[in-house]
Amino acid sequence: MAEAHSAVAFSFSVTPEGIDVNLNHEALKAVWKSGVRSWKKRIGRAKNQFKNGVYPATPMSWLFIATIVLGTQLAGYDISFGLIGWMQTHIPWIRDGSAVMSLYSSCVIFSTLLWVAKANLMKYTLKMLLHYHGWMYEPRGPMTTRTKIWMGLVKLFGGRKPLLMSYQSALPKISVPRVSDTIDRYLKSVRPLMDDEKYKRMEGLAKDFLKTLGPKLNRYLHLKSWWSTNYISDWWEEYVYLSGRSPIMVNSNFYGIDAVLVHPTNIQAARAANIIHAMLLYRRELDTEQLNPILLSNTIPLCSNQYERQFQTTRIPGIEKDKLVYMKDSQHIAVYCRGRYFKMYIYKQGRLLKPCELEVSIQKILDDQSEPAPGEEHLAALTAGDRVPWAKARTEYFSKGKNKASLDAIEKAAFFLSLDDEAQDFDADGSLDTQCDSTKMDKFGRSMLHGKGYDRWFDKSFTLVVLSNGRIGFNAEHSWADAPVMGHLWEVSTADDRSLGYTEDGHTKGEPEMPPPNPIRLEWELPKPCIAVIENSLEVAKQLLNDVDLHIIMHNSYGKGFMKTCKVSPDAYLQLALQLAYYRTAKKFCLTYESSMTRLYKEGRTETVRSCTIESCEFVRSMDDPAKSDTDRIKLMKAAAEMHQKGYRDAMTGKGIDRHLFCMYVVSKYLGTDSPFLSEVLSEPWRLSTSQTPHQQTNKLDLVKHPEHISAGGGFGPVADDGYGVSYIVAGEDVIFFHVSCKVSCPTTDSKKFGRSINQAMQDIKSMFCNTR
């Protein structure tokens, strides 16, 4: 209760002498500073919106133009072709003023008009330039003169010192492909997966769709693309993510883990404090838009729209579909520790707490010996189970009183922190050339993917997990953004954690300037029916997590360095290795999903690259064909790699297959029209679902100088009941991490067996190249 008493700004009592008012000046001072901080943020946002609205022009360029215009007028030269004189004689409030004020006012108005025209000319010229994607299709090697000129123009019209959102209004819209083009690409992608009879049947369905329903559905998509910013993204978020009624744990959420080759401290509170502080510094840069936008080749901007919901965002369960709720600001985080929930403040007197002050707060939580309230320990299982029971329970048991206040504290927090009472680690001696037992690494990955099913708040935009031995990881909800955005935060935070550093005994550096606010224990009153719902959700979560077979491979025999000497794209190289590994394991090919981004367009998210192609199948068969020489195999591999690269480029530039078909399917459902072709296409299982984790999205960490700081990346659960989920990160010149997941209940899948097959495929491909040298 001490915190509650100190939070009261004033109190009064009625006495015979009158009303006695007592003011708490410290509380009023805190209120004042909080208000000042809030208004500073509002003014800052308004200022940034103005800057972004006129970018690539700048406010300083207005001053420059105004000075030139006024100077030339005073010198007797009229560069306005009489417009300034016309304003002086025809605009009443200018005409009625003095001669000097009339001149100055007219010059300011003309300068502003000229500046706005210049800003729009630059913006729309940049937008026109960004429609061009021919640079992506050029062969590897020196840049052509055409591309050099194009990139020079993009740099010229792209402005200087952009804010995070500066390029948003200049990004082009993604266009709707022609139905015939999408059908052609689709049929080519499934040809190696079907025998002649099945392919002929599918070809008939596709041609019938092209002649009848397809053009009608596409006209609706063209109408939507004219009216909306992006014809795909809102439906993708709504129907693929938020409308799902099954658990999001394992099925949707993804995870990331620590840079496992370094271990800066074993003290849990210290590591948590540094990472929290680093994340909050990142949030400050995000709020002020000082975070640099991602530029391909330091020139071509990617959409930054997804960053807006990184903090203070929660997925709220619904009966038919969920919704995302985003708060503009939060001065606390929510913490889970040994079955209890806490609200931990991150500001005091308008100042962000230092790492050493955050460590004090976290240590108080760790030292708290109070027992969980009935049902509290497993409460987060509601977010791990089916969505409908959680939605009903939220309405019935968390809509008033203590439960509502405590749930608000979690949902309005900047993010969620889980202080695990178990340790996770990695068996390696720190060298990059040592094969190591991955048993501990597998356990580490599973802890981040699902934990115990009740110790992560799966609805929050992300849960930061700090383990008892100082290791860290995260679990992220998927609907608000894709993995590269979360990877950006993780990369910056772990780099800043290294910069903040630790003392020799493992604590955070510095001394507290003031005692931080005490964490507040959240209170719950959970009736028995509510506890029953919690336990039912936990049973669902346990069945799901117990069915996860996860294996993490640290492949350190070679990496990107060797692949580049083969003159093959590293991503294509790895995709072909996965095709070879799957074929050898399953004795067949399968529909393969590789995630590609479409952030070259405004509000773009992802597209599918269908990695199993006619060319990749020919290469894979050749690897076990004794009649083929290594020279023949290399030719086939390079042809397959080129086809894969073309598919990746098509996906990035709006010429993908699956999002277009998905949107036509959505339109058909709105129209109440069934399409046998679309129904069959969208029901095909992705038995191999893959994704590459990007890294070095910032320049904060030089992995050439510090290879031990490579991140081990992250992964996701299996997409198909009888398939594999594979995430990989090319973590340096000599290291690649693979995260392989499948289901224990499937008799035909085994993550460790598939992992061995990946390692063997990687070794065989390397030997193939080495034998020809």
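The model is predicted, so local features need pLDDT of at least 70 and side-chain atom pairs count only at pLDDT 80 or more, whereas totals for chains, interfaces and linings use all residues. Residues are numbered from 1 along each chain as its sequence is written, and side-chain values use heavy atoms, with hydrogens and water left out.

Helices (H or I, at least four residues) and strands (E, at least two) are DSSP runs, numbered from the N terminus. For the packing values, axes are lines fitted to C-alpha atoms, for helices over the stretch in contact, and angles run from 0 to 180 degrees between N-to-C directions.

| Helix pair | Angle | Axis separation |
|---|---|---|
| α21 and α22 | about 60° | 10 Å |
| α10 and α24 | about 95° | 9 Å |

Angles under 35 degrees count as roughly parallel, over 145 as roughly antiparallel, 65 to 115 as roughly perpendicular and the rest as oblique. The helices α21 and α22 are therefore oblique to each other, while α10 and α24 are roughly perpendicular.

Where contact means heavy atoms within 4.5 Å, Leu576, Gln579, Leu580, Tyr583 and Arg584 of α21 meet Ser616, Phe619, Val620, Arg621 and Met623 of α22. In the other pair, Gly214, Lys216, Leu217, Asn218, Tyr220 and Leu221 of α10 meet His660, Cys663, Met664, Val667, Ser668 and Leu671 of α24.

A nonpolar core is a set of buried Ala, Val, Leu, Ile, Met, Phe, Trp, Tyr and Cys residues joined through side-chain atoms within 4.5 Å, and buried means under 20% relative accessible area, exposed over 50%, partly exposed in between (1.4 Å probe, protein chains only). The largest such core has 99 residues, of which Tyr186, Ile276, Phe415, Leu419 and Phe677 touch the most other members. Helix α12 (residues 268–288) gives the most to this core, with nine residues. A second, separate core of 42 residues includes Leu578, Tyr582, Leu688 and Ile736.

In helix α11 (residues 233–242), the buried residues are Ser233, Trp235, Trp236, Glu237, Tyr241 and Leu242, and what covers them includes α10, β6, β7, β18 and α24.

Ser189 lies in helix α8 (residues 179–190) and, because its relative accessibility is 9%, counts as buried. Leaving aside neighbours within four places in sequence, Ser189 is in contact with Arg610, Cys612 and Ile657.
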